[in-house]
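Let's take a walk through this protein together. Have the sequence and the 3D view open side by side, and follow along.

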Amino acid sequence: MEAKSRVAVVVLGDIGRSPRMQYHALSLAQQVHAEVDIVANGGNDPHIAIKENQSIHLHTMRSVEFQGLSKISRVLALLFKAATQFVILVWFLCFKIPRPDVFLVQNPPSVPTLAAVKLSSWLRQSSFVIDWHNFGYTLLSLSHGRSHMLVKVYRWFEKFFGRMATGSLCVTKAMQHELDQNWGIKAVVLYDQPPEFFHPASLKEKHELFCRLENNICQPNGIRDCVSTGFEGQDTCSTGSSSHTIFTVQISDGVSLKANRPALVVSSTSWTPDEDFSILLEAAVMYDRRVAAALKEDDLIDEEKYWRDIHKGQQYLYPRLLFIITGKGPERSKYEEQIKKLKLRRVAFRTMWLSAEDYPLLLDLGVSLHTSSSGLDLPMKVVDMFGCGLPVCAASFSCIKELVKVEKNGLLFSSSSELADEFMMLFKGFPDNCNALKSLRDGALSTGSSKWSTEWETYALPLIRENRLLSVQLAHATIKGEVSTVKQMHEVVSVFIGCSQRHGKGCLRETWMT
């Protein structure tokens, strides 16, 4: 890609919650030196690297929402919403941004995204590449069922326009097989890998994060539990050369972890039906009761005294667990109300939004509740956790073993009871004598050593190059009237690429003249 190229990255959704498309944009700008136009809805801020890169231009569309409608008007509203989004997308892709060589679009959502991008690619003589993260119709089926007419129409739409793309990427081998066998689409597998800014952090960086989060963790409004008790009214991180959090202590320039700190478990969720958060709640309750039974504790124990003893340094065979749940979604408030009603002795929950910059600073263990509406995609947050050296307990489904290697970098569970058993096994003897957890941490570090830039250059870049060349030559051929169909042009480009790889640019020019 010697000449300056341009790629449009299209997301009909919140770009701040689409990390894979952000990573595409960064690779295109940094590894290919292309100009990149991101066309997406507003919402959460993208990673700071996106905002600071001069070659990446963010074009924000307004979200289209209709609320408080009856069932009949809701169907009409969905149609009107799709039509409105179609017009807005085409306006941005055809008139608001310079002509790109390649449109790279995230799927799902499929309606109306794929039709809008296909029309725009035809009007602007650009290539059209789909990055298949999942199947849109399977997400729709979660609320309507696979046999619903709307779901069937959506699947037809997704397949029809998906086959019009000039190139496809996907996230798993299982999805690649499904696209090939049942959709007639040849896709290149591009596994998610952590980018360079996901890496194990130093203790000093972790301490600074916990200082920022201290009020949210230790002094939440109206909550008294095993984490908040003992910290009432304390300002622990403003004492100059020495400071401490519930996890760490700093004296002068040295930072160390507290021996009686709680084990920190993080879970990132979209709070949607394909991530059953009740499994985690039930597992937390089971852990609490099983530890009490293992330690032969009295049910009538004075919990306030118990918590204050821990705060003063008392240690037990099994630690307290602090679950930090990050993410935004429709079912968050429902589960927050359930959490408030739980009466737990050694487990606490905190819900908050963590940025991509904060993820590498977390400790101990990650939990993934993602089960996939199609059974063919993988949870990207697990990849980020591996990049930080964080082992993972993941919900089991058909292709999760492409990512989570049991007893190497994580464990799998199929029920809340299995997850509770895993907590008991991993955290026994925490923090110094939990060998199983340490072994998984080493495996996660090894898995996370593979980086996005290497994976992208190996598998995505050749496809982008091919489609860029297709776009450039198609535009020239259309002007000259030399090639009549995209299919013919694709065959010519395939010859170009093969010839140039064998004999260099001179052969490419001679082949075109022929």
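Which residues line the second largest cavity? They are Leu12, Asn41, Met61, Arg62, Ser63, Val64, Gln85, Ile88 and Leu89. Before going further, keep in mind that this is a predicted model, where local features need pLDDT of at least 70 and side-chain atom pairs count only at pLDDT 80 or more, while totals for chains, interfaces and linings use all residues. Residues are numbered from 1 along each chain as its sequence is written, and side-chain values use heavy atoms, with hydrogens and water left out.

Back to the cavities. A cavity here is a set of points, on a 1 Å grid over the protein atoms alone, where a 1.4 Å probe fits but cannot get out, and lining residues have an atom within 4 Å of a point. A volume is the space filled by probe spheres set on the points, which are joined across faces, edges and corners. Searching the whole structure turns up two cavities of 30 Å³ or more. Helices (H or I, at least four residues) and strands (E, at least two) are DSSP runs, numbered from the N terminus. The largest cavity holds about 120 Å³ of space. It is lined by 15 residues, and the closest to its centre are Asn260, Tyr316, Tyr318, Pro319 and Arg320.

Now for the rings. The whole structure has 17 aromatic pairs. One of them is tryptophan 156 with phenylalanine 160, stacked at 5.1 Å centre to centre with 15° between the planes. Rings of Phe, Tyr and Trp (its six-membered ring) pair if their centres lie within 6.5 Å; planes under 30 degrees apart count as stacked, over 60 as edge-to-face and the rest as tilted. Both residues belong to helix α6 (residues 149-162), four residues apart, or about one turn of the helix. Tryptophan 156 counts as exposed because its relative accessibility is 54%, whereas phenylalanine 160 is partly exposed at 37%. The cut-offs are under 20% relative accessible area for buried, over 50% for exposed, and partly exposed in between (1.4 Å probe, protein chains only). Elsewhere, ring pairs link Tyr287, Phe323, Phe349, Phe423, Phe427 and Phe430 into a cluster.

Proline 431 sits in the loop between α13 (416-427) and α14 (435-447). Another cis bond runs from valine 111 to proline 112, with omega near -5°. Why point these out? Most residues other than glycine have a negative phi, and most peptide bonds are trans.

On the phi side, lysine 296 has a positive value near 55°, and serine 372 has one of about 75°. Which of the two is buried, and which exposed? Lysine 296 is exposed, because its relative accessible area is 77%, while serine 372 is buried, at 9%.

Finally, visit leucine 140 in helix α5 (residues 136-144). Leucine 140 counts as buried because its relative accessible area is 19%. Leaving aside neighbours within four places in sequence, leucine 140 is in contact (heavy atoms within 4.5 Å) with Leu150, Val151 and Tyr154.

Key. On a 1 Å grid over the protein atoms alone, a cavity is a set of points where a 1.4 Å probe fits but cannot get out, and a pocket is an open set with protein on both sides within 12 Å along at least five of seven lines; lining residues have an atom within 4 Å of a point.
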